[in-house]
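Please look through the sequence and the model shown here before reading the briefing that follows.

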Amino acid sequence: MAGMSIFEKTKLVILHPSEFFNAIQSEEGIKNAFIYLAILALIYTIPFTVITSLSLGPIPLEPFGNIAAPVITVLIYVGILGGSFIGAGIIHIFVKLLKGSGNYATTYKVVAYASTPSYLFGWIPFVGIVIGLYSLYLSVKGISILHNMSMWRAFVAA
C-alpha cells in the first residue's frame with residue numbers, strides 16, 4: 001500500500017475490497033487511514049452543507065449570524081473526524097467480544113476505508129441510503145479480513 005495514491009486506494013476499496021483489505025494488513029498505525037478519511041470527509045462535508053443550506057434555507061446560528069454555513073461545515077467536519085475514533089472504539093469492543101484478532105488501529109483502518117463510498121457519494125440525495133449499505137458491507141468485509149473473523153461475526157461486530 002505504500003506509495004499508493006488516494007485515487008488508487010479509493011478505486012481498490014470500492015471495486016476490489018478483499019484485495020484492498022488484504023493489502024493494508026501490513027499498514028502500520030492509523031496515520032495513513034486518518035489522512036485518507038480527512039480528505040474524504042472534506043469532499044463530503046462541503047457539498048453536503050451546500051445542499052442542506054439550499055434545501056433548508058439559511059440556518060440561523062446565534063451568535064454567528066451570517067457565517068452560519070462555514071461554522072456548520074467546520075462542525076460537521078470535526079464531528080466526522082472525532083466520530084471516526086469513537087465509532088472505531090465501539091466496533092472494536094464488539095470485535096474483541098466476538099474473539100476477533102487485531103488491535104484498535106486495525107479497526108480504525110476498517111472504519112476509515114470502509115466509509116469511502118459514503119463520503120464520496122453519500123451527500124447525493126436519496127443515493128446515500130444505498131451507498132451507506134455498501135459502506136456497511138465494506139465494514140463487514142474489512143473486519144472479517146483484518147480481524148480474522150467469519151463474515152457473520154464481522155457483521156454482528158459492525
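Two residues are said to be in contact when heavy atoms of theirs lie within 4.5 Å. The model is a predicted one, in which local features need pLDDT of at least 70 and side-chain atom pairs count only at pLDDT 80 or more, while totals for chains, interfaces and linings use all residues. Residues are numbered from 1 along each chain as its sequence is written, and side-chain values use heavy atoms, with hydrogens and water left out.

**The nonpolar core**

- A nonpolar core is a set of buried Ala, Val, Leu, Ile, Met, Phe, Trp, Tyr and Cys residues joined through side-chain atoms within 4.5 Å, where buried means under 20% relative accessible area and exposed means over 50%, with a 1.4 Å probe and protein chains only.
- The largest such core has 33 residues, of which Phe20, Phe21, Tyr113 and Ile143 touch the most other members.
- Helix H3 (31–56) is among the helices that each supply at least two residues of this core, and the largest share, seven residues, comes from H3.
- Not counting residues up to four places away in sequence, Tyr113 touches Lys9, Val13, Phe20, Phe21, Ile24, Glu27, Asn32, Ala33 and Tyr36.

**Helices H5 and H7**

- Helices here are DSSP runs (H or I, at least four residues), numbered from the N terminus.
- The axes, which are lines fitted to C-alpha atoms over the stretch in contact, with angles from 0 to 180 degrees between N-to-C directions, come within 9 Å for helix H5 (residues 104–114) and H7 and cross at roughly 155 degrees.
- That angle makes H5 roughly antiparallel to H7, a term used for angles over 145 degrees.
- On the H5 side the contact is made by Thr106, Val110 and Ala114, and on the H7 side by Ser135, Leu138, Ser139, Gly142, Ile143 and Leu146.

**Two buried residues**

- Thr107, found in helix H5, is buried, with a relative accessible area of 1%, and, leaving aside neighbours within four places in sequence, Thr107 is in contact with Ala88, Ile91, His92 and His147.
- Ser144 lies in helix H7 (residues 127–146) and counts as buried at 12% relative accessibility.

**Two loop residues with positive phi**

- Most residues other than glycine have a negative phi.
- Asn148, in the loop between H7 and H8, has a positive phi of about 55 degrees although not a glycine, and Asn148 counts as exposed at 57% relative accessibility.

Key: Angles under 35 degrees count as roughly parallel, over 145 as roughly antiparallel, 65 to 115 as roughly perpendicular and the rest as oblique.
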